[in-house]
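Subject: Structure handover

Hello,

Here is the structure we spoke about. Please open it alongside this note; what I found follows below.

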Amino acid sequence: MKKRSFSEPAVAGRGQCPLQQSFSARSAGFSILGFWQANQTALLLAAVAVVVIVVCILWIFRRRREAFPEIRSEAPVEEVAVDLGLTQVESQPAVESRPASSPGIHGKIEVLVGSQQISTYLVTDNPLSIGRDPAQSLVIIQESIVSKLHCQIFARSGKVFVKDLNSTNGVYLNEEKIDERELNDNDVVFLGKKGSVKIIYHR
């Protein structure tokens with residue numbers, strides 16, 4: 001069995017009875033309480049000062065955040081107001097616009113080659129030139145019997161007429177060769193005598 005040397009320090013708490021340990025704890029508690037009672041006023045003042053400083057710092061930080069965005073937002077508002085004013089001045093029309101009148105409609109024509117319908121056109125106040133040449137004609141018929149600029153259908157004084165434009169094979173209405181003639185409802189115009197190209201007018 002190992003013997004403890006006399007020079008070895010005793011461990012704290014060893015060899016003390018429970019009464020001695022309780023007395024030591026009470027002494028420590030009394031020392032803290034005594035320090036609080038002796039410095040109670042100073043400690044309270046220090047705590048109040050810390051709270052006041054923290055509140056002041058938070059208030060100053062909040063005021064700075066609220067102030068700077070207001071300063072930055074004032075300039076764009078003024079620029080937008082100026083731009084809107086210029087836009088309103090520039091957008092004012094210099095001359096009052098007038099509604100455009102649409103041309104009158106005087107019926108329609110059907111273009112047929114043989115028994116097949118090629119196209120349909122409205123007869124308006126603007127003349128319809130008919131021929132084989134796209135550069136001269138609005139109604140284009142690619143048939144050898146049709147001249148480059150064959151005839152014209154136009155309105156005059158509320159009536160519709162067909163006119164031969166010096167075509168090679170002529171214009172026929174009801175098997176009669178014509179130079180210019182008024183058209184009635186369902187009249188059939190042939191380009192060339194007994195040709196395969198015909199135009200039917202509908203009022």
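Two strands are taken to pair if DSSP finds at least two bridges between them. Helices (H or I, at least four residues) and strands (E, at least two) are DSSP runs, numbered from the N terminus. With that in place, V162 stands opposite R181 in β9.

Some ground rules. This is a predicted model, so local features need pLDDT of at least 70 and side-chain atom pairs count only at pLDDT 80 or more, while totals for chains, interfaces and linings use all residues. Residues are numbered from 1 along each chain as its sequence is written, and side-chain values use heavy atoms, with hydrogens and water left out.

Overall layout

The chain has two helices and 11 strands. Read from the N terminus, the order is α-α-β-β-β-β-β-β-β-β-β-β-β. Of the 203 residues, 21% count as buried. Buried means under 20% relative accessible area, exposed means over 50%, and partly exposed lies in between (1.4 Å probe, protein chains only). Contact means heavy atoms within 4.5 Å. Among contacts between residues at least 6 apart in sequence, 27% join residues at least 24 apart.

Start at β11 (residues 197–202). Five of its six residues are buried, so the strand is largely enclosed by the rest of the structure. Six bridges join β11 to β1 (residues 105–113), and the two run antiparallel. In that pairing, K108 stands opposite H202. Three bridges join β10 to β11, also antiparallel. There, V189 stands opposite I199. The hairpin of β10 and β11 has five residues between the strands, and G192 takes a positive phi near 95° in it.

Next, β7 (residues 171–173) pairs with β10 (residues 188–191) in the antiparallel sense, over three bridges. V171 stands opposite L191 in β10.

S119 is in strand β2. S119 has a relative accessible area of 18%, so it is buried. Leaving aside neighbours within four places in sequence, S119 is in contact with I109, E110 and V111.

The five-stranded sheet

The other sheet to look at is open, with five strands in the order β4-β3-β5-β6-β9 and mixed pairing. Its edge strands are β4 (139–140) and β9, each pairing on one side only. Strand β6 (residues 159–164) and β9 pair in the antiparallel sense over three bridges.

Aromatic rings

Rings of Phe, Tyr and Trp (its six-membered ring) pair if their centres lie within 6.5 Å; planes under 30 degrees apart count as stacked, over 60 as edge-to-face and the rest as tilted. By this rule there is one aromatic pair. The F154 and F161 ring centres are 5.8 Å apart and the planes are at 20°, so the pair is stacked. F154 is buried at 11% relative accessibility. F161 is buried too, at 12%.

A charge also sits on this pair's F161: the charged end of R156 is over the ring, 4.3 Å from its centre. The rule is NZ of Lys or CZ of Arg within 6 Å of the ring centre and within 35 degrees of the ring normal.

Salt bridges

Side chains of opposite charge can pair when their charged atoms come close. The cut-off for a salt bridge is a side-chain nitrogen of Lys or Arg within 4 Å of a carboxyl oxygen of Asp or Glu. A search of the whole structure finds two.

R156 and E180 form one, at 3.1 Å from N to O. R156 lies in β5 (residues 151–156) and E180 in β9 (residues 180–182), so the pair ties together parts that are 24 residues apart in sequence. R156 is partly exposed at 40%. E180 is partly exposed at 33%.

E176 and R181 form a salt bridge as well, with the closest N and O atoms 3.2 Å apart. E176 counts as partly exposed at 40% relative accessibility. R181 does too, at 31%.

Best wishes
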